[in-house]
Amino acid sequence: MNQKSEVSVIKEVLGGNADCFSQLVNQYYRLCLHYLINAMRIDRETAYDLTQEAFMRALKSLAGFNLERPFKPWLMMICRNLAIDKLKEQNRQTLNLFTDSGKSSDAIESLPEHVDLKNAIDKLSPRQQEIVELHYFADLTCAEIGELINLPVGTVKSELHFARRNMLRILEKSI
Amino acid sequence: MNQACDNNGKVLNEVLQRDDLESISREEAAHFEVCATCRAELDKARRLDTRMRDFASKSLESMPVRAFVMPKSAAKSEYSFTEKLAGWFSFRNFAMAATIFIVCAGAWFLLLKKTDSRLSDKSTMPGNKTTVVSFEPDRDEPVRMASGFNYPVVGQKYVSPDRSLIKYGTSVIEVEDAEFTFLDKKVDLLRGRLVAEITPGQAFAVITPLARIEVLGTRFSVVVAANGSTGVSVKRGSVKVIETGNSSERILTAGMSADIRPRSEKTAADQPEKKIEPTVRPMASESIETDSGADNEDYQEPSDPLSLNDLIGD
């Protein structure tokens, strides 16, 4: 779904046809869930709840959404804020996102051909993991990522560069 | 890694920071043509990029999803103007408005009723003074009432030697050289002269030894002689005169007067054409003759006719 069709869908929803919102849900449900589990390290059950909550919030706040901007970063921002609130609620500081490199027990099982990639990502720093997640999985640009996680674009580019370098080093034999 | 690179891998680092590794300028492409090390690194990064995107798409596809529950409240996120208008005129809102109206109307009615009957428990007097009225038993000796405004106690017998004004709700009653008892919504006038200006709709009656004069909203005067003879004169509006001991009643309108005497004497007669005012001889022992109007030459109109506004202005 490109941005033009997204805008038309959002206009439909704002016009009273809430059923059209399911198109957006179908488009981004998996992405939100994957981001919450792999980048934000939310457990699977909570991630499902937060995904539901994120779409409900998006639906409620849709009237205030700027149609000239892409929908996906906005939705990811809602997911991220929900995840941070949840982590705070669980007495886990947001800072831990960038210091705790432990593997989430609820991480999605990867296909055999991608196990090495998954292992390489897990060895990155949490910040690099989140940037990689947002860049490759959510397909966001460095500028969008910087805006989302509140980092300068240069820092995001630099982090992405080091992430690539690290992964190349880890995957030297298989790449 | 970049030992063989002329610019120490600067171009490669620049490219690896980009969103899209495929987009490189001519100068950068020229460098990668000549620098095998950087070209090899770029190729690896591109392969990694391709694999990562493949991994991402397949990983997302394999994500188990759960049905999104659309909240009922969000079935329609925005209502049109007509829908909002229809919502406002819903039965619930109408019932709420009707309830509020009924409560307000009831409160207003009770307030009016209390105001109308407050003489039975409280009297609001000019100057915002409030006098608590107590129902004392009749005394043998009447209390003298001073000139000017007075705050009568309900049930108390009074004598007004001069002209006294009594405020009764929004109405004004003037008594002069009279002996009376102020009761709830009525005055028991034993003798003397009473002029009442009663607001229409306000219940008021004057009871004399021989008659009961019920007010229908008017200005009228009553004069009671020592023998009980009662003269009624209506200036405005109408009053109902009921003779005591006789069920007959008559309604006097503006300009009419009636004279009620003891049975041994001449009874009242209506004079609709000629306005006849009763004589204001204080405590005159003789009966008031109003039939011919001959006695009216002695009648003296009060020096300043009663005016509600004038009285309240005090």
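## Ground rules

The model is predicted, so local features need pLDDT of at least 70 and side-chain atom pairs count only at pLDDT 80 or more, while totals for chains, interfaces and linings use all residues. Residues are numbered from 1 along each chain as its sequence is written, chains are lettered from A and ligands numbered from 1 in the order in which they are written, and side-chain values use heavy atoms, with hydrogens and water left out.

## Chain A

Chain A has eight helices and zero strands, where helices (H or I, at least four residues) and strands (E, at least two) are DSSP runs numbered from the N terminus. Its pattern along the sequence reads α-α-α-α-α-α-α-α. Of its 175 residues, 52% count as buried; buried means under 20% relative accessible area, exposed over 50%, and partly exposed in between (1.4 Å probe, protein chains only). Take the contacts (heavy atoms within 4.5 Å) in chain A with a separation of 6 or more: 66% of them come from residues 24 or more positions apart.

Helix α4 of chain A covers residues 71-89, and its 19 residues should span 27 Å at 1.5 Å a residue. That expected span is 1.5 Å times one less than the number of residues. Buried residues of α4(A) include A:Phe71, A:Leu75, A:Met76 and A:Ile78. A:Lys72 and A:Arg80 are also among them.

## Chain B

Chain B comes to six helices and twelve strands. Buried residues make up 42% of its 314 residues. For chain B, residues 24 or more positions apart account for 37% of the contacts with a separation of 6 or more.

## Where the chains meet

At the interface, 40 residues of chain B are in contact with 49 residues of chain A. The area buried between the two chains is about 4100 Å², and carbon and sulfur atoms give 62% of that. Buried area here is the accessible area (1.4 Å probe) that two parts lose on being put together, summed over both.

Across this interface the rule finds five salt bridges, a salt bridge being a side-chain nitrogen of Lys or Arg within 4 Å of a carboxyl oxygen of Asp or Glu. On the chain B side, the elements giving two or more residues are α1 (10-16) and α3 (36-61). The largest share, 16 residues, comes from α3(B). One of the bridges pairs B:Glu41 with A:Arg165, with the closest N and O atoms 3.7 Å apart. There's also a salt-bridge network linking A:Asp139, A:Arg164, B:Asp49 and B:Arg53.

Over all chains, the count comes to 25 salt bridges. In one of them, the side chains of B:Arg18 and B:Glu28 meet at 2.5 Å, N to O. B:Arg18 sits in the loop between α1 and α2 (26-34) of chain B and B:Glu28 in helix α2, so the pair ties together parts that are ten residues apart in sequence. B:Arg18 counts as partly exposed at 22% relative accessibility, whereas B:Glu28 counts as buried at 10%.

B:Glu179 and B:Arg191 form another salt bridge, their closest N and O atoms being 3.3 Å apart.
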